[in-house]
Structures are given as structure tokens and as C-alpha cells.
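Biologist: Please put the model up. I have a few questions about it.

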Amino acid sequence: MNEEQRLQNSQVKPLQKPEKDYSQYFQSVYVQPSLKDAKKRGKEEITYHKDFVIDPVLLGMGKGRKFFIRTFGCQMNEHDTEVMAGIFLQLGYTPTENVQEANVILLNTCAIRENAENKVFGELGHYKKLKRDNPDVLIGVCGCMSQEESVVKKILKTYNQVDMIFGTHNIHRLPQLLNEAYLSKEMVIEVWSKEGDVIESLPKVRRGEIKAWVNIMYGCDKFCTYCIVPYTRGKERSRRPEDIIQEVRQLAAQGYKEVTLLGQNVNAYGKDFEDLSYRLGDLMEALRQIDIPRIRFTTSHPRDFDDHLIEVLAKRGNLVEHIHLPVQSGSTSMLKLMARKYSREQYMDLVRKIKEALPDAALTTDIIVGFPNETDEQFEETMSLYREVGFEHAFTYIYSPREGTPAAKMEDNVPLEVKKERLQRLNNLVNEFSAATMQNYQDQLVEVLVEGESRKNPEVLAGYTRTNKLVNFAGSTDLAGKLAIVKITKTKTWSLEGELIEVLSGQEVGVL
Ligand code: SAH
Ligand code: SF4
Ligand code: F3S
């Protein structure tokens, strides 16, 4: 098809059936999720698809239409939203920040805790009136909540303002699903619970021009007993190194300054390759050679953190000295109940190894309080581990039972009051350590990647250190996207203030 025909085709409204037989695109779509299937981890090989193309008949479907995506949850979801935005643009839609003027509204949801889900249901409630006032607007639910049977049932029963539900494995099918939703009077549901493939060459619209996310693997096979992610994201599957390296090279060429490698458990990278012995340490070694100032990764599972990775990280350069290493609990018996597959001692050994190789590494963590059967003593073990490691920061959560997980069958027997009190005590400790960490920066020189004007105070610039500390200082806005050496003059609990000493050229990265 030449460009002219393509343009002509793009005038075709999707409500019109095309003359040719494109029946595969108009099959009634109705696949509901199954937690039972999502739990399976079979031997099927992962298929790599490198050829994402949108059928010409669907191009132009978005002409004169606007899309709005609201994203909940982790960076993985944020990045999926960038991919969906890329698909919308290819279909001819334009983005809008104003939900009232959108023709398609998508909620990219998170299922990690009950309050995350409640936020989504609250938001959906608001859309009832919007749909009544404008019945032509398409409302879709995607992301991790769509993978849950109970959520889909609840939406079917109570939220008939929803037009489409699709899962985390169905994002590449967005063009067909939108088309089906325009044609169908029924709610379109397509949620594959199978283990998932790897789909390359999906379009993306990245949110920023300085920092970018790059998926290195999908899914999770750890099955921590409290966690829904292995059911919502499928089995662990790694992208091929050459595809990742090429993407990072392209980002460097486009002027990006920082890449965050994404995966639920990045340390399991490469475990699934049958033809290749290649793990995260190898990948980081390759990415070290690329001319981009900063590379981060998240999230690390302590179990798969190997010595080679530590060795490579110790070479620094563009590999920053910040490691997010969720511990969840300081009690070995709790860790066992959580099926984390390491003990307190093993975690501490790993921390010691990391600190030996990278004495100034910033360690941060995630902690759950009030897991079933957690006693006061066991909680105290979490507090003592926190002090022993000296984390710079932590994300702390009250345990939330997730339907279908093994922990949901355990009795949730820690009273809410006790859970809240533990969380409060832990948060006080976290704040104490965060403030102390910040104070250590007084009068120090730090490398800052400048992002632009501070959102809170446009008089100053904002940027982050290699260890991810927010720094504000006075300077010209053309420093955005540059690396600068800043002397810290004042420390606060959550940010630092300083004065500009020097603007760096690309070669001097990691000199401090
Ligand atoms: N893959 C990451 C975690 C992703 S979820 C890892 O294993 O490190 C982010 C955090 O949410 C987890 O580290 C855990 O602390 C918290 N979390 C997960 N499930 C939870 C639940 N059911 N209740 C409370 N917190 C939970
Ligand atoms: Fe969830 Fe555990 Fe997998 Fe992290 S490693 S996503 S906590 S199952
Ligand atoms: Fe939430 Fe799914 Fe991420 S459950 S934390 S959006 S992987």
C-alpha cells in the first residue's frame, strides 16, 4: 500500500466495515481472566515478536479523537502507558490531559494492595456521569487489576459505564480492541492469563527527554505468598540483550541522560535463556560501555543478586551507586512465611558484600508490617535490621490480603490497630534515618542531573544525585539535561539545597 492509499484508508471511520475480509479484527472479543491459568508455569518457550504493525485498515481510527490515560502503580505501569500512548498516536489519536474532552479514557490499574484498587473503583465511579453526559466516550480498564477474576466480575456487575477491559498481556492488541469496542454494544473483555510473550518494536511516547525507562524483563516467578504480581504479569521472560542494548544506544543518541532498567525482579534477568548464559552482571557490563551518563535498575530481589553483578557495579562509571533491595521483614520466620527464599542472615551477608564493594552505596528497601502471625518480637527484628543496615529510605506498607495468593488463606490475625502502630514506629525510624543521611551531605560536592525548574519553586532548578536525592539550586534553565557539580549548603528531610560549582561535560560523569 502506498502512502496515498494509506492516507485514504486513514479517513475510514472504524464504524464502517472494510470491503476486504478483515474478519480476524472483528471477531467478538471475550476472554475473561483466570487466576488458575495465571498461576501455571509451563515449559512452553517464550516467543519473541519483532514485527508489531498496525493493520492499515485501523490506522486513522483516532482522527479527530483524543485519548486520556490515568496510570496507577509502579514504573512498569508508567512504561506500559508510554507504549499505549505510542499506539494511540499511530492510530491517529491526539493526547489530552483533560478527561472531560477525551474520546477514549483508559485507567491503567494496580492490584498490589486493596487501597490501590479502591482508588480505581473511586475513579470509575466518577466516570458514571461523564458517560451519561457523553455516551460516545469509550472507557477502558487495563493493567494489573484487569487480570483479576474478581475485579472483572465486579466491573461487569456494577460499573456498566466501562466499555472495555484488557489485560497486561493484551496491550499490543489495543488497536483491534478499540475497534471492537466501537463496533460492539457489549463490554469488550480480552484478558489473557497465559504466560506471555515478548513483543519488541512497540511504539512508545516517552514522558520526558532526560530520563527513560527500559524494560529488561517481564513477569515474576518468585510467588512471594502475599503478592499478586506473578498472577498479573505472567512468567519471567527476559528481553534479548541485543534488543536492550540497541534501545539504550538509541536513547543515548537521542540525548537521554539516564536510563532505569525495569523488571519485577531484575536479578533474575537471563535465567530463562536456554541458548545463552547471560545475566544482569553481563548486561550491566555491556551498558557501561554506552555513552549515557546514568544507568539504574529496579527492583532487585536479594535472592538472585550474584557476585558478578556486585563486581560490575563496583566499576561505577555510569552505573550509579543506588540499590533498592526490598527486604520485607527482618525476621527469618516471617521471611519463610512470605516465601522470600532468604533468611535475615543471608540478607545481611549480601548487604555486607555490597558495602565492601561499594562503601558509599545508598541502600533503600520495601517493608511489610502486620503479615499474618507477626509478633511484636518479629516486628522488632525488622526495626533492628533497619538500624543495622542503615537504609537511606524505605517504602513501608501494611499487609493487604490479595485474593488467590497463599497468604490470603492465612488468618489475617494482627489487629489493625497493632498494624497501624507498627507502621507508625517504623516510619519514625525511616524518617530519622533519612534525615541523618541528608545531614551527611552538608558541605559535600555532589553530581546532579538537572531536570529543569523546580515544580515547587520556579526560582530554582531541581535535579537528582546519583543516589537519587533531590537537590535544588539557583541556575539558568538551559542547564536542564546537563550534569552539574553542586555544593550542598543546606539539608532538609527530603531534599538538599546547594550552589552550582561547575557544569560537567559528558566525559566527566562519575568523577566524584
Ligand atoms: N518485585 C518487587 C516488589 C514489587 S511490589 C520485589 O519483590 O522487590 C512493591 C512492594 O509492594 C513490595 O516490595 C512489597 O513491599 C509491597 N507489597 C506487595 N504485595 C503486598 C501486599 N499484599 N500487601 C502489602 N504490601 C505489599
Ligand atoms: Fe511480588 Fe515477590 Fe515477585 Fe516481588 S519478587 S513481584 S514481591 S512475588
Ligand atoms: Fe501494581 Fe502491577 Fe506494578 S500490581 S505494583 S502495577 S506490577
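Modeller: A definition comes before the questions: the radius of gyration is taken over C-alpha atoms, and the globule rule is 2.2 Å times the number of residues to the power 0.38. Note also that this is a predicted model.

Biologist: What radius of gyration does the chain have, against that of a compact globule?

Modeller: The chain has 512 residues, and for that number the rule gives a radius near 24 Å. The C-alpha atoms fill a box of roughly 70 × 55 × 50 Å along the principal axes. The value for the chain agrees with the rule: 24 Å.

Biologist: What share of the residues reach a pLDDT of 70 or more?

Modeller: The mean pLDDT of the chain is 91. Residues 1–27 have a pLDDT below 50, although this stretch has 31 contacts beyond near neighbours in sequence. Where pLDDT is low, the predicted coordinates should not be read in detail. The share that reaches 70 or more is 93%.

Biologist: Is V152 buried or exposed?

Modeller: V152 is found in helix 5, which covers residues 149–158. Buried means under 20% relative accessible area. V152 has a relative accessible area of 0%, so V152 is buried.

Biologist: Which residue is 120 residues from V152 in sequence and 7.5 Å away in space?

Modeller: Leaving out residues up to four places away in sequence, V152 touches P33, S146, I165 and I189, among others. The distance of 7.5 Å runs from C-alpha to C-alpha. The residue at that distance, also touched by V152, is Q32.

Notes. Residues are numbered from 1 along each chain as its sequence is written. Chains are lettered from A and ligands numbered from 1 in the order in which they are written. This is a predicted model: local features need pLDDT of at least 70, side-chain atom pairs count only at pLDDT 80 or more; totals for chains, interfaces and linings use all residues. Side-chain values use heavy atoms; hydrogens and water are left out. pLDDT is the predictor's confidence in each residue, from 0 to 100. Contact means heavy atoms within 4.5 Å. Helices (H or I, at least four residues) and strands (E, at least two) are DSSP runs, numbered from the N terminus. Buried means under 20% relative accessible area, exposed over 50%, partly exposed in between (1.4 Å probe, protein chains only).
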